[in-house]
Amino acid sequence: MKRGTNLMERELQCPVCKDIVKQPVVLPCLHSVCLLCASEVLVQSGYPQPELPPEPNSPASTPNTRSPRQARRPMPKADRIDRALRPGFGTYPGRRRKEGPTQLMLFPCVPCGRDVELGERGLVDCMRNLTLERIVERYRHTVSLGSVAVMCQFCKPPQALEATKGCADCRASFCNECFKLYHPWGTPRAQHEHVQPTLNFRPKVLTCPEHDQEKLQFYCKSCQRLLCSLCKLRRVHTGHKIVPVTQAYQALKDKITKELNYILSNQGTVLTQITQLENAITQTEVNSVGAREQLAQCVRELMALLSERQAMLAQGLESSRQKRSEALANQVAERRSLLEHAGLMAFTQELLKETDAACFVHAARQTHNRLAQSIESLQSFSLSADPSFRHFQLDVSRELKLLTDLNFIQAPLAPVIDTQRTLAYDQLFLCWRLPQESSPAWHFSVEYRRRGVVPGGGARGGIRGGLAGARWGWQRLEEVSGTSAVIDRLEMDSVYVLRVRGCNKAGFGEYSEEVYLHTPPAPVLNFYLDSRWGLHADRLVVSKEQRCARSVPGLSLLQAADRALTSCHLTADLLVGDVAVTQGRHYWACSVEPGSYLVKVGVGLESKLQEWFHLPQDMASPRYDPDSGHDSGAEDSSDSPPSFTFLTMGMGKIYLPPSANSHHGTANHRDGGITNGNGPSSPTGVTYPLPPRLGVCLDVEKGRVTFYDAHSLRPLWEGPVDCSAPVCPAFLNFVFIFHFYETLVFYCT
């Protein structure tokens with residue numbers, strides 16, 4: 001019961017004085033504070049003393065008629081007011097208030113941790129929280145906080161009697177005699193409302209702070225404010241949804257009742273969570289002790305290693321000292337032997353006393369050698385050992401920096417998605433990297449979901465590797481060791497949201513920014529390049545994988561230029577896919593190097609392509625019109641669809657033909673498409689920057705082909721194509737030779 005009482009008191013506390021609220025007012029942020037506390041905070045902020053509502057309207061004017069609330073009201077402590085005004089709450093214009101236009105008052109709300117705008121009139125616009133006052137009064141009687149007798153406010157001390165009645169209109173408490181005295185029978189005061197004696201009288205009803213004595217009868221849902229009948233007529237509420245306050249009361253009461261019933265019906269869940277939280281607190285204490293012990297152990301290991309290293313370095317230093325000391329001591333002894341009457345000098349003097357020539361020569365040769373060495377040593381004197389020990393200085397700057405940066409291991413920072421390498425095709429290819437300042441990651445967790453999937457709807461599909469996901473929400477690919485992942489078995493024409501985070505000993509780090517990838521509008525058609533016809537091997541080389549082709553200069557190209565009789569020669573090479581389709585919808589994508597001179601990408605009837613490119617013809621033939629909406633060899637009838645349709649691109653640009661021969665019903669429904677229906681219209685077509693990847697979608701049943709920016713799945717252009725026979729992907733590469741006076745100037749591929 002005591003714990004419940006303490007929790008209840010926390011709900012009734014003023015955030016400024018930390019006592020049970022008295023005369024609470026509601027701030028615009030919906031927090032309640034004592035009226036006097038709010039006034040003191042504003043004064044401390046530099047604003048003028050606000051005009052507070054008058055205290056009890058007593059019928060007498062003696063000091064005893066004033067409410068004892070003013071005398072017994074404890075002022076907020078200075079340190080609590082300072083905490084409310086700490087710098088984190090911002091600046092207050094009232095501190096340096098100047099004469100001029102009225103400024104808005106800012107109140108530093110403690111629970112919000114920010115400044116709350118009170119308006120120009122300050123606390124006058126803040127209404128009393130009468131409901132909270134009633135709750136406080138009931139709570140005081142419940143816990144015997146109100147057991148102190150309320151004394152009559154009109155009896156002269158020291159004979160003051162206990163009050164027996166209170167007057168809601170006079171807002172004062174009376175004993176029986178004083179009540180009769182101030183409420184004579186037959187006068188208007190006799191009609192005043194009688195209440196229980198109390199020290200805290202409140203208004204009977206809430207009235208409008210702007211229009212005196214006007215009851216608040218309406219509620220503006222748009223502004224979330226109570227209104228009187230005059231406020232309702234203001235222009236500021238024009239078009240707002242205003243309802244009677246009784247309707248707002250019933251709606252809000254029903255919501256709170258439902259919320260209360262829900263929480264009360266889930267008391268078991270609350271208790272379970274409380275148990276989990278208490279266990280978490282216990283585990284926190286236990287784990288902190290373990291972490292502290294591990295920290296001490298690591299420091300001890302470092303100190304032990306330092307001590308071991310110190311002993312080894314000291315041993316090497318001592319060994320060097322001994323060797324140098326011995327060398328210098330030997331040098332000292334050698335020099336001392338050169339002193340007169342000592343060592344070699346004394347021996348030499350005695351040797352010179354020998355008179356026998358043969359004996360002298362026989363004995364003096366060694367002495368002569370020693371003297372010669374001593375003279376040479378005297379003339380080129382140097383220390384036999386360096387006493388400075390300069391080479392025994394430690395450079396610990398790197399180690400000190402490491403020790404300075406020594407800290408607990410941090411979880412990896414949010415990875416950065418590589419948008420250039422991340423793409424959607426028949427699979428989702430996701431690539432990322434860690435920031436340079438990030439801690440290393442042991443592995444990564446990749447998560448993805450379909451955009452717009454609601455709980456229970458289910459995102460079908462899976463990912464390569466152990467997928468641990470539900471039927472809706474985020475699906476995960478755990479413990480990805482590298483910095484890339486592949487997600488397959490996807491829904492067509494869907495937007496997928498992807499994110500990734502790293503993990504190490506410290507746990508999981510922050511998620512990367514979410515990226516959105518749009519899957520192709522149709523199943524992907526896998527094919528290889530077929531170079532069996534329409535290809536000159538000396539001008540176009542297909543890779544071994546038959547997935548890539550590159551144009552190369554060759555001898556035949558130069559010879560063709562030399563034989564040319566005209567000043568311009570244009571030749572083309574055809575590549576087709578080794579798969580032809582007859583039904584369904586299919587999608588594929590390709591990349592064209594920006595430096596390519598002239599390339600066409602599209603589709604066509606396999607038989608017509610073979611027929612056209614097996615016939616000897618000049619590319620300048622009327623059958624080829626580079627400005628037509630589609631390059632077709634069967635344009636005899638304008639009503640029949642063309643046998644093949646291409647888009648032209650080169651030198652970093654893509655040419656979109658005019659929309660006269662194309663249908664935009666499909667392309668225009670997508671936002672951001674740059675088809676002629678959505679982009680600039682031109683009778684001759686328009687050019688746009690070449691996208692990094694070009695997507696092609698063929699709908700055989702409708703006889704339509706749509707070109708996309710494969711990176712964003714934005715439609716570029718749509719047109720018809722004849723699908724009465726097998727249709728295959730086709731690619732044209734053009735080579736242009738400029739010939740002047742039978743001399744080759746340049747060629748471009």
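Asp699 counts as buried, at 11% relative accessibility. Buried here is under 20% relative accessible area, exposed is over 50%, and partly exposed is in between, with a 1.4 Å probe and protein chains only. This is a predicted model, in which local features need pLDDT of at least 70 and side-chain atom pairs count only at pLDDT 80 or more, while totals for chains, interfaces and linings use all residues. Residues are numbered from 1 along each chain as its sequence is written, and side-chain values use heavy atoms, with hydrogens and water left out.

Back to Asp699. Its salt-bridge partner is Arg585, and the closest N and O atoms are 3.5 Å apart. By salt bridge I mean a side-chain nitrogen of Lys or Arg within 4 Å of a carboxyl oxygen of Asp or Glu. This pair links distant parts of the chain, 114 residues apart: Asp699 is in strand S29 (residues 694–699) and Arg585 in strand S24 (residues 585–590). Strands (E, at least two residues) and helices (H or I, at least four) are DSSP runs, numbered from the N terminus. Arg585 is partly exposed, with a relative accessible area of 35%.

Next, Arg704 and Glu718. Their side chains form a salt bridge at 3.3 Å, N to O. Because Arg704 sits in strand S30 (residues 704–709) and Glu718 in strand S31 (residues 714–720), the bridge ties together parts 14 residues apart in sequence. Both Arg704 and Glu718 are buried.

Another salt bridge joins Asp709 and Arg714, at 3.8 Å from N to O. Here Asp709 is buried, at 9% relative accessibility, and Arg714 is partly exposed, at 30% relative accessible area. Elsewhere, Glu447, Arg476, Arg499 and Glu514 belong to one network, joined by salt bridges that share partners. How many salt bridges does a search of the whole structure find? The count is 14.

Now the surface. Leu302, Met312, Leu313, Leu394, Val396, Leu400, Leu403 and Leu406 make up a nonpolar patch, with about 730 Å² of accessible area together. Patches take residues with over 30% relative accessible area and no salt bridge; nonpolar side chains (Val, Leu, Ile, Met, Phe, Trp, Tyr) are joined within 5 Å, like charges within 9 Å. The areas come from the Shrake-Rupley method with a 1.4 Å probe, and for residues only the protein chains shown count as cover.

Helix H8 (267–336) and helix H11 (397–404) are the elements that give two or more residues to this patch. H8 contributes the most, with 3 residues. Val396 is in the loop between helix H10 (357–379) and H11, and is partly exposed, at 36% relative accessible area.
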